[in-house]
Amino acid sequence: MELLYELMKQMEQTETIGELRVCHYELARRLRLVLQWERIELLSHIVSEAHEVLMQRAFQLAEEETLRAAVGIRPRKWCWYVMGSLGRREPTIWTDQDNGILFECGGHEEKECYEFVRHMAAVGTNYLYEIGYPYCPGYVMATNKRWGQSLADWENQIKTYIRDRLPNDIRFLFIAIDMRPIYGDSQLVIDRRQALFDWIHREPQLLQQMGEHVMFPTVPLGWFHNVQIERWGAYSGAIHMKHGGYVQIVNALKWLSCFANISAATTLERWNEITKQALLPLELAKEAKEALSIYYYVRLKYATEAGSDRDYVLWRTLEANERKWLKKAMRTAKKMQRFVARQAGGK
């Protein structure tokens, strides 16, 4: 583990994007040397912390570049935040970008503040790409007006999602639930995340629709516990690791957090509070935590190279014990979906 801690110290002392890129690739190399199932909980914490150091340094450089360019007015309060696996503190090595910027300023300065934020967003997301973080294919990045907003505009947008409850609105709410501050005025994002949970918690019909969202995608496990791998195309014989049960468990825990107004950003924090409040049967809660560890370990082990296919793993390349673990984790994912279906449907 010392190899990883030493690397993080080097990251903090970098001065250029090129140096950060080298550190990112070195993180992948060193992780392969220490990756063990017995260490997975500690490793998940270290990997998440390493990503934070990389991104914070990149965002700091983006801020400095924007100030040098003298674009607009820097808001009196602002914060970069991350979502997705980074927000939940469970990223693999080559995770793509899921980020945004939230800011607050005087009404008469808003136009100039937007100029500053949009320039910084363009620079910051480009820096992340150069370091080795692919652009988000769904454009969930600070350069998208949806995710780079003033406090007032953000609140109006979220309330529109809650009011209209269209399929994409539900999807955007699930994304926003993971928002976690990473660089800037952290309290700005923490307070808004709490407000988001408060608003959702008070909407029974919305909670029901969000519970229905948890049912998809279908876990690729048949009645006789046969894994349904991809049959055709470029990924024939492979399984999509995120859709193979992982995202279903993550979303189930998100839903339970909304149901109980638990405003934690990370999956582990949510699981701890959900277990403490006995929102899940204890045995199922234990199975869910174990399943998440299995998914994380396999994803971390096999997603060592960058590329658009990093979420796919050939089933035949997995070790026998890994296939056994994943089948068990998939059964747990199905149980979690059924549990949420009962709770959301009031049955």
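**Terms first.** I count Ala, Val, Leu, Ile, Met, Phe, Trp, Tyr, Cys and Pro as nonpolar, Asp, Glu, Lys and Arg as charged, and the others, Gly among them, as polar. I work on a 1 Å grid over the protein atoms alone: a cavity is a set of points where a 1.4 Å probe fits but cannot get out, while a pocket is an open set with protein on both sides within 12 Å along at least five of seven lines. A residue lines either one if it has an atom within 4 Å of a point. I join grid points across faces, edges and corners, and a volume is the space filled by probe spheres set on the points.

**About the model.** This is a predicted model, where local features need pLDDT of at least 70, side-chain atom pairs count only at pLDDT 80 or more, and totals for chains, interfaces and linings use all residues. Residues are numbered from 1 along each chain as its sequence is written, and side-chain values use heavy atoms, with hydrogens and water left out.

**Largest pocket.** I looked up its volume and found about 730 Å³. Among its 25 lining residues, Asp98, Ile175, Lys242, His243 and Val247 come closest to the centre. I sorted the lining into nine nonpolar, seven polar and nine charged residues. Helices H4 (84-87), H7 (167-176) and H10 (242-260) each bring at least two residues; I take helices as DSSP runs (H or I, at least four residues), numbered from the N terminus. H10 has the largest share, with six residues.

**Second largest pocket.** This one holds about 490 Å³. It has 19 lining residues, and Glu41, Ser44, Arg89, Glu90 and Leu268 are the closest to its centre. H3 (40-69), H11 (267-276) and H12 (282-302) each supply at least two lining residues, and H3 gives the most, six. The lining splits into six nonpolar, six polar and seven charged residues.

The largest cavity has about 100 Å³ of space. Its lining includes Ser85, Trp94, Lys242 and Arg310. By type, the lining of this cavity has two nonpolar, three polar and five charged residues.

**A stop at Glu287.** I found Glu287 in helix H12. Is Glu287 buried or exposed? Glu287 counts as buried because its relative accessibility is 17% (buried means under 20% relative accessible area, exposed over 50%, partly exposed in between, with a 1.4 Å probe and protein chains only). Beyond its neighbours within four places in sequence, Glu287 is in contact (heavy atoms within 4.5 Å) with Thr332 and Lys335.
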